[in-house]
Amino acid sequence: MAAAQGSSDVSSSAKVDFLKLQNGSDIRGVAVGGVEVTLGITTAGHDVLQFGLASTPAMFNSTLTEDEINHLPVDGAIMITASHLPYNRNGLKFFTSAGGLNKADIKDILEHASRIYEDSSHGSTQELEQASKGEVSNVDYMSIYASDLVKAVRKSAGNKGRGPGPRRRGGAVIGDAPARQGYKLDKVLKPLGAITTGSQFLEPDGMFPNHIPNPEDKTAMKAITQAVADNKADLGIIFDTDVDRSAAVDSSGRELNRNRLIALMSAIVLEEHPGTTIVTDSVTSDGLTTFIENKLGGKHHRFKRGYKNVIDEAIRLNTIGEESHLAMETSGHGALKENHWLDDGAYLMVKLLNKLAAARILNPNVGSKVLTDLVEGLEEASVTVEIRLKIDQNHADLKGGSFRDYGEAVLKHLENSISKDEHLCKAPKNYEGVRVSGYGGWFLLRLSLHDPVLPLNIEAPSKDDAIKLGLAVLTAVSEFPALDITALNKFLQQ
C-alpha cells in the first residue's frame, strides 16, 4: 500500500457524518482530527510505502510499476490532496491497478469508516498503536516514475525526440509544479531536450502566495505567459497542485488550454490513431466538433462534465467496439488509453514536448510553431461566458422538495420552450442538461453535479448573438422564483 504523509491530534467529538465528505469519486472536507494515515493501514496488517511529496498520476502508476527491489507494484495507493482548494481543505484519492475508485466505491469506504470510527470509541489511538502490525518504508518513487514517464512517451511516439543536441534544445518554462521536490521535473524534461531556465513558483506552499495553481485561473495563465516572454521560451507549462491537470502557452503568448488544448491533443492522437473518437465534457465548443471531425477526420463524442465521467465513457466506448484513445475535460483533465486512462497532466505535457523535440531535430528553429500549426483552423467564439444560476433551497417554491428535482423541472421547461422557437435547435445528442444551437452560437444549461446551481454556458460570434441566446434562457427560467437570475440579468444589461 502506498500512501502520502500526514498526522494530527485525535478528536473525541460526537458522531461524525462521514458521507458528507464524498465529492464524486474523491473524499474532501473536514472530518475529525486523527492519527497518521499509515497507522490505520498498518493496524489492519498491511505494509506501507511512504512516497512523500508526489503527484496524483504517480500514485496510480505505483500500482502498475514492476520493481521488486522497491516492493512494487503496490496493491493500492492513497493520495492526500485537494488540488487547488485552500490550505485547510485536503482530500483523499484512491487507486488500484484498475484505476481510480468510482462513486460507489467511495460511498462504501465512507460507510466502513463511519462504522470503524464508532466501534473504536471515536478514534482512541492507544489500542491502534498496540495493535500495529504492518511496517512503514520510505521509497523515492517519484524518480522511478519520472524515468518511466519519459520511456512511455517516447515509445508512444515511435522513439522519436530522444533529446536533440545542446544547440538544438528547446526552452520550456514551468509554472506551478508544487510536487517538484519529489517529482524532479528536470528528470523528465531534460532527456526530451528541454531547457527549464526561468521556471517559477516550483516550491510547495499550500498558502498559494502567488496565485491559485489552476490551469483555468486567469492570473495563473498570465503569470506563465509573462515567464515565456521574459525567457524567450518555446513553451510554457502550468500544472495544478497534484499534477493531474495542465495547460500550456506557446512562444507568442497564445494560451493552449480548454478547447485549444483538447484540439491540440486531438491532433496528436489522431495522427497516431486515425479516425479515433475523442470524448470530451459537455461544455466544449461547436468549433471543436468541426475541427475534430472535418479537419482531423476523427469523431467527437460530447459527454457529461466530470473527468471521471468523461474517462469512463471513453472506456465504455472501447468495450462496445468504438475505438477511443483520448478523453479530455475543458478543466485540463486529460486521459489517454496508452496511459491506462489516467488523468495525468504531466503525461499530456510531455507528449507536447516530445512532439516539439522531434520537430526540432528536422528544423532547429521551428519553436512552438509545430504545436500551434496543429490547431490552425479551430473556430473560436468571440464571446464565451459561464453564468451560475443559484437555487435558493429555502424558497417556498421548492415546496419541500430537493434542489435537484427543482433544477430538473427548470431544464424540462426550458426544453419545451426552445422547441417552439424557430431560431433555436436542440442538440441531437445530449447527455447533460439542455444544449441548444442558434444565432451562430450555442448555450448549455445544466444542473451542477454537487451544488444547488444551474451553470449556463454561452458561446457566440458576437455579443449581440450571445444576448439573444441569453434572452431565450431568461424567458424560460423567469417562471421559477427560487432561481437567482441576477447574474444572467447583469450579463444581458452590459
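**View 1. P73 in the loop between α2 and β5.** In this predicted model, P73 sits in the loop that runs between α2 (56–61) and β5 (77–80). The peptide bond joining L72 and P73 is cis. Its omega is about 5°.

**View 2. R258 in helix α9.** Helix α9 covers residues 258–272, and R258 belongs to this helix. R258 is not a glycine, yet its phi is positive, at about 45°. The relative accessible area of R258 is 30%, so the residue is partly exposed.

**View 3. H340 in the loop between β17 and α12.** The loop that holds H340 lies between β17 (334–336) and α12 (345–362). H340 has a positive phi of about 60°, although the residue is not a glycine. Because its relative accessibility is 46%, H340 counts as partly exposed.

**View 4. The open sheet of four strands, β15-β14-β16-β17.** The four strands form an open sheet in the order β15-β14-β16-β17, and their pairing is mixed. At the edges are β15 (299–302) and β17, each of which pairs on one side only. From one strand to the next, the twist averages 20°.

**View 5. The pairing of β16 with β17.** Strand β16 (residues 324–328) and β17 run antiparallel and are joined by three bridges. M328 has its bridge partner in β17, namely G334.

**View 6. Helix α10 across β14 and β15.** Helix α10, residues 286–295, lies across β14 (277–280) and β15. The helix runs at about 150° to β15.

Methods
Residues numbered from 1 in each chain as written. Predicted model: local features only at pLDDT ≥ 70, side-chain atom pairs only at ≥ 80, totals over all residues. Heavy atoms only, no water. Helix = DSSP H or I, 4+ residues; strand = E, 2+ residues; numbered from the N terminus. Buried < 20%, exposed > 50% of the residue type's maximum accessible area, 1.4 Å probe, protein only. Pairing = 2+ DSSP bridges. Axes fitted to C-alpha atoms, helices over the stretch in contact; angles between N-to-C directions. Contact = heavy atoms within 4.5 Å.
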